[in-house]
Amino acid sequence: MSTVQTWLRRALWDVVPRDHRQTAAALRRRQVVTVAVVVIGAVVLGLSLRIDPGSGWFYLSTAALAGVWTVGAFASGPLHLGRIAWRDGLARPIVTPVLLGAAIVGVFVLGGLVIREIPFLQQQVSSVLDYADQGSLPLLVVITAVNGIAEELFFRGAAYAAIPHRPVLWTTVAYVVATAATGNVMLAFAAILLGVVVGLERRASGGILAPILTHCTWSLSMLLVLPPIIG
């Protein structure tokens, strides 16, 4: 138990030393870019999930969304990979965020067993999973991974660095608001839980590598595991 507590504390709570200071002008520029990209991204995301499953336009719109997040992230300013405490030093977070992503998957699998018994929530989840059922699975895997990376580049990269106070809270709120543009209750709920976890990883490590790995582990697993559970 003490080992698990240490692992969780280092992954989510212990803030490692870093020097990511920004000038006032650089911070303002990052803030302006971030606000503009959140609005554009929310519109594109909402449109992409209103396209019929299996349509070629869906793939184009999701690729466009990944482009919006990625361009916005790099246009805002420098990004950092981050490090976490490891043994007697610091290391890039790789195994720990993957394990955290798997743990979140476990939570959602248990939730899926409950959701499938509630017609309204089951329909909300099924409306998203239709894209996996009717689309090209290999292409969806690529799109899911690319979008997971792009979202973390922006929300835990650019947006996090643009918020000087309570960035975990406000980047989670921004992520939920952007996701809520889909009109899907379950996606918005998932964004809350995922946003908090990857936000804490960003706070602890000082970078985007841990959030990216956790997000991709979660999203790819949900793509492959949840459809048989929901039915």
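Predicted model: local features only at pLDDT ≥ 70, side-chain atom pairs only at ≥ 80, totals over all residues.

Trainee: Okay, what pattern does the chain follow along the sequence?
Mentor: Helices (H or I, at least four residues) and strands (E, at least two) are DSSP runs, numbered from the N terminus. On that basis you get nine helices and two strands. Read in order, the pattern is α-α-α-β-β-α-α-α-α-α-α.

Trainee: And how much of the chain is buried?
Mentor: Buried means under 20% relative accessible area, exposed over 50%, and partly exposed in between (1.4 Å probe, protein chains only). Of the 231 residues in the chain, the buried share is 45%.

Trainee: How are H4 and H8 oriented to each other, parallel or antiparallel?
Mentor: Axes are lines fitted to C-alpha atoms, for helices over the stretch in contact, with angles from 0 to 180 degrees between N-to-C directions. The axes of H4 (residues 95-115) and H8 come within 12 Å and cross at roughly 160°. Angles under 35 degrees count as roughly parallel, over 145 as roughly antiparallel, 65 to 115 as roughly perpendicular and the rest as oblique. H4 and H8 are therefore roughly antiparallel.

Trainee: How many residues of the contact of H4 with H8 are charged?
Mentor: Contact means heavy atoms within 4.5 Å, and the H4 side includes Leu100, Ile104 and Phe108, with Leu193, Leu194 and Glu201 among their partners in H8. Ala, Val, Leu, Ile, Met, Phe, Trp, Tyr, Cys and Pro count as nonpolar, Asp, Glu, Lys and Arg as charged, and the others, Gly among them, as polar. The contact has 11 nonpolar residues and no polar ones, and the charged count is one.

Trainee: H6 meets H8 as well, so how are those two oriented?
Mentor: The axes of H6 (residues 137-162) and H8 (residues 185-205) come within 11 Å and cross at roughly 55°. H6 and H8 are therefore oblique.

Trainee: Which residues in H8 does H6 meet?
Mentor: On the H6 side you have Glu152, Arg156, Gly157, Tyr160 and Ala161. The residues of this contact divide into three nonpolar, three polar and four charged.

Trainee: What is the N to O distance in the salt bridge of Arg156 and Glu152?
Mentor: A salt bridge is a side-chain nitrogen of Lys or Arg within 4 Å of a carboxyl oxygen of Asp or Glu. Being four residues apart in H6, Arg156 and Glu152 are separated by about one helical turn, and both are buried. Their side chains meet at 2.7 Å.

Trainee: Are Asp19 and Arg21 buried or exposed?
Mentor: The whole structure has three salt bridges. In one of them, the side chains of Asp19 and Arg21 meet at 2.8 Å, N to O. Both residues are exposed.

Trainee: Last one: how far apart in space are Thr70 and Glu151?
Mentor: Thr70 is in H3 (residues 56-76), and at 25% relative accessibility Thr70 counts as partly exposed. Leaving aside neighbours within four places in sequence, Thr70 is in contact with Ala150 and Leu153. Thr70 and Glu151 are 81 residues apart in sequence, and the C-alpha to C-alpha distance is 7.5 Å.

Terms used. Residues numbered from 1 in each chain as written. Heavy atoms only, no water.
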